[in-house]
Amino acid sequence: METSGSKGISTKLERIAKLAREAPGMAFTTLAHHIDIDWLREAYRRTRKDGAPGVDRMTANEYEANPEENLQSLLERAKSGTYRAPPVRRVHIPKGSGSETRPIGIPTLEDKVLQRAVAMVLEAVYEQDFLDCSYGFRPDRSAHQALEATWSLAMKMHGAWVLEIDVCKFFDNLDHGHLRAILRQRVLDGVLLRLIGKWLNAGVLEDGSVMYPESGSPQGGVVSPILANIFLHEVLDVWFEKIVKPHLSGEAHLVRYADDAVLLFANETDARKVMDTLPKRFGKYGLTLHPEKTRLFDFRRPPKPPPSGGGQGPKAPTFDLLGFTHHWALSRKANWIIKRRTASDRFRRSLKRVVDWCREHLHDDVREQQQALARKLRGHYQYFGIIGNFAALSRFLQEVRRAWQRWLNRRSHKARMSWDRMQRLLERCPLPAPRIARPFLPTSSESVT
């Protein structure tokens, strides 16, 4: 809910945005003066309070014992240059269903608030520069909009030569020197640049020791997404849209969500030229493309429907984007159409989280288990419930039921949970049925089921 203070901050943000729109080539020398106590209050309001504590172990409840004094102290230290960015506490979470893990950084609450305040300023400036092809971590934009744009463009082009881009550990390898140079094209405010520099060099606490990586964005930091967007806006978006596309012979499009990106080409020669140039472009900024996951393939519409009775077309390349596998299939009218289903790795990862939860909460009250599983399923449907993906939602529900039954069966050796007994339990404690939460209609006249 927006307060009167929030409305005042909105007015300030719009002033910054207006000036950025009117002077697209101007570098701002004074921005930090906008960050006052009201600005920090708003940044604090926008900061999540339920996250794990950072290295100082400060919780939101402890911080709120004296919020005005804490925020005033934070403001004075930020403006005077005496603020010291604490190391980020690093933990590892599973990545996919294998043994590979993903590092996650946990900043302190105070660091999150100050990063949010700076991110608000940067967003007001750079939202005027960012292009329509980028969707990640931007206001009023989402992963589903990126998916819909990809689907609509590919359908309009009757398929395309698809170039998937995979940057090797982008957030770990983001070059600090290049990032600073890119920032200075638009932001020359010493206070903001000094704070960003402190976060880049703050270090990472892991297993009791602090490391100081020479590259990478602030691990888990609130400011990290906007810095990544600023970097890739220059490295990829502007380069492709303003420099590359005018020299191509056919239609071409870029869709980017953070560091996930696909390029669609009508012309194979254009696609191969860009693919040959991309490693040099990213290498110039200290980044490396994954040699196997960065790939070019023919994803054009199959030439004709298969013989009657065939539900799917011939085995052809597919591609994954934001948790969905894109593939050609037949519509109800027996015409080729691009459909999307839950990607197998995301399916396994989501199911593993449910299985792990069932194991950890084995002896909770059954009704409490049902309510928690229902929330997890509704969250799954909310993201993956798009047209064409109902079968995968149904399969996920069935696997969740089986996982629940298997772990309930381990509660007691005397009272086994047979499947017949489980069916009776599900009648008393039902789990929500699959639903299409995002019924976007195809741009063609075809019906997608």
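Axes are lines fitted to C-alpha atoms, for helices over the stretch in contact, and angles run from 0 to 180 degrees between N-to-C directions. Helices (H or I, at least four residues) and strands (E, at least two) are DSSP runs, numbered from the N terminus.

I noted that this is a predicted model, where local features need pLDDT of at least 70, side-chain atom pairs count only at pLDDT 80 or more, and totals for chains, interfaces and linings use all residues. Residues are numbered from 1 along each chain as its sequence is written, and side-chain values use heavy atoms, with hydrogens and water left out.

**Entry 1: helix 5 and helix 9**

I looked up the angle between helix 5 and helix 9: about 130°, with the axes 11 Å apart. The two helices are therefore oblique to each other. Helix 5 passes helix 9 in a left-handed crossing. I read handedness this way: left-handed if the near helix is turned anticlockwise from the far one by less than a right angle, right-handed if clockwise.

From helix 5, the contact (heavy atoms within 4.5 Å) takes Asp111, Leu114, Gln115, Val118, Val121 and Leu122. From helix 9 it takes Leu192, Leu195, Ile196 and Trp199. I sorted the residues of this contact by class: 8 nonpolar, 1 polar and 1 charged. For the classes, Ala, Val, Leu, Ile, Met, Phe, Trp, Tyr, Cys and Pro count as nonpolar, Asp, Glu, Lys and Arg as charged, and the others, Gly among them, as polar.

**Entry 2: helix 9 itself**

Which residues of helix 9 (residues 190-200) are buried? I found Val191, Leu192, Leu195, Ile196, Gly197, Trp199 and Leu200. Buried means under 20% relative accessible area, exposed over 50%, partly exposed in between (1.4 Å probe, protein chains only). The buried residues of helix 9 pack against helix 4 (67-80), helix 5 (109-126), helix 8 (176-183) and helix 10 (224-244).

I also checked the start of helix 9. There, a side-chain oxygen of Asp189 comes within 2.9 Å of the backbone nitrogen of Val191.

**Entry 3: helix 2 and helix 4**

I followed helix 4 to another partner. Its axis and that of helix 2 (residues 37-46) come within 10 Å and cross at roughly 115°. The crossing is right-handed. Helix 2 brings Ile37, Leu40, Arg41 and Tyr44 to the contact, and helix 4 brings Glu68, Leu71, Gln72, Leu74 and Leu75. By class I have 6 nonpolar, 1 polar and 2 charged residues for helix 2 with helix 4.

**Entry 4: helix 13 and helix 14**

I moved on to helix 13 (residues 366-384) and helix 14 (residues 390-408). They pack at about 160°, with axes 11 Å apart. Helix 13 and helix 14 are therefore roughly antiparallel. Their crossing is right-handed.

On the helix 13 side I listed Val366, Gln369, Gln370, Leu373, Leu377, His380, Tyr381 and Phe384. They meet Leu393, Phe396, Leu397, Val400, Trp404 and Leu408 in helix 14. This contact has 11 nonpolar, 3 polar and no charged residues.

**Entry 5: residues in and around helix 14**

I took Leu408 of helix 14 next. At 5% relative accessibility, Leu408 counts as buried. Leaving out residues up to four places away in sequence, Leu408 touches Leu362, Val366, Gln369, Met417, Met422 and Leu425. Leu408 and His361 are 47 residues apart in sequence and 10.0 Å apart in space, C-alpha to C-alpha.

Gln405 is also in helix 14. Is Gln405 buried or exposed? It counts as buried, at 14%. With the neighbours up to four places away left out, Gln405 touches Met417, Ser418, Trp419 and Met422.

Pro434 sits in the segment after helix 15 (419-428). Pro434 is buried at 16%. Apart from residues up to four places away in sequence, Pro434 touches Tyr381, Phe390, Leu393, Ser394 and Leu397.

**Entry 6: positive phi**

I checked two alanines in loops. Ala258 has a positive phi of about 55° although it is not a glycine. Ala258 lies between strand 6 (252-257) and strand 7 (260-265), and it is buried at 8%. Phi of Ala334 is also positive, near 65°. Ala334 lies in the loop between strand 10 (324-330) and strand 11 (336-342), and at 38% it counts as partly exposed.

Definitions and conventions. Polar contact = N/O pair within 3.5 Å; in protein donor to acceptor, adjacent residues only side chain to side chain. Parallel < 35°, antiparallel > 145°, perpendicular 65-115°, else oblique.
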